Amino acid sequence: MATYLIGDLHGCFREFQQLLQQADFNPQYDELWLTGDLVARGEDSLCCLRFVKNLGKQATVVLGNHDLHLLAVLQGIQPLNPKDRIEAILSADDREELQDWLRNQPLAAYHPQYQFLLVHAGVSPEWDLATTLQCANEIQAVLSSEKFAELLTQMYGNMPNQWSPQLQGIEKLRYAINVFTRMRFCYPNKQLDFECKLPADQAPEILKPWFELDNPLFKTQSIVFGHWASLIGYPTPTNIYALDTGCVWGNHLTMLRWEDKQIFTQPRLHAA
């Protein structure tokens with residue numbers, strides 16, 4: 001039995017399957033942990049959703065911004081962006097089943113044995129582990145309830161961009177969703193930035209990657225995340241694992257075997 005962690009799929013199903021074969025992944029015994037953004041921009045988002053869903057308890061997936069946006073499109077809250085290439089999901093016979101499965105997935109997951117934390121984009125520089133998991137649980141509770149469409153309607157927006165223990169209701173949920181699914185850079189005061197999309201080594205000096213801010217959790221906790229493909233080649237602390245390597249943009253898909261830290265990669269098979 002092995003534990004594998006894989007970066008953002010973005011509908012790159014063929015590369016996903018090649019990577020699993022390369023690592024000799026056995027769905028009966030092995031665990032697969034996915035950093036989210038299963039869908040959008042690649043050719044086979046529907047296949048990615050169905051395959052991961054069918055893995056059952058052997059797969060743990062956290063939701064990314066594109067996964068949440070898919071839910072909003074399925075609910076008619078947001079318009080379809082043709083660039084996302086998700087039309088097959090919208091017309092699938094099992095779209096309702098896939099939607100219900102997706103909205104019951106968490107935004108953060110903690111491995112009970114190996115004690116790593118899995119998120120899509122990051123962890124707030126102002127959170128400890130308990131606060132991180134509590135915020136994720138609060139979001140999941142609403143997403144899996146009858147009020148999920150209301151949350152999807154109200155989750156868009158950049159404010160509040162600073163954590164406070166006094167945050168409540170949709171303000172708290174929106175801040176946490178942005179942390180888990182959109183965050184890259186922060187200001188020195190730990191305020192979130194959503195404007196800069198530059199590689200980390202080209203960003204304005206005042207902005208720092210979230211994992212470089214002063215938070216004791218970042219020094220002690222193993223954190224695995226995706227979302228930020230332009231971190232390729234950027235040095236992260238030894239306990240911080242960035243697994244999105246931009247397969248859908250013409251680079252490669254990356255998977256980590258936790259037990260021995262072996263890295264598996266699969267180059268893009270289609271034109272970007």
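In this predicted model, three strands make up an open sheet in the order E7-E6-E8, with antiparallel pairing; strands are DSSP runs of at least two residues and helices (H or I) runs of at least four, numbered from the N terminus, and two strands count as paired if DSSP finds at least two bridges between them. Strand E7 (192-193) and strand E8 (208-209) are the edge strands, each pairing on one side only. Strand E6 (residues 185-186) is joined to E7 by 2 bridges, and Cys186 has Leu192 in E7 as its bridge partner.

A second open sheet holds 5 strands in the order E3-E2-E1-E11-E12, with mixed pairing. Strand E3 (59-61) and strand E12 (262-267) stand at its edges with a single partner strand each, so one side of each has no neighbour in the sheet. From one strand to the next, the twist averages 20°. Strand E2 (residues 31-34) runs parallel to E3 and is joined to it by 3 bridges, with Trp33 opposite Thr60 in E3.

Helix H1 (residues 13-22) lies across strand E1 (3-6), E2, strand E11 (252-257) and E12, at about 145° to E12. Here contact means heavy atoms within 4.5 Å; axes are lines fitted to C-alpha atoms, for helices over the stretch in contact, with angles from 0 to 180 degrees between N-to-C directions.

Residues are numbered from 1 along each chain as its sequence is written. Local features need pLDDT of at least 70 and side-chain atom pairs count only at pLDDT 80 or more, while totals for chains, interfaces and linings use all residues, and side-chain values use heavy atoms, leaving out hydrogens and water.
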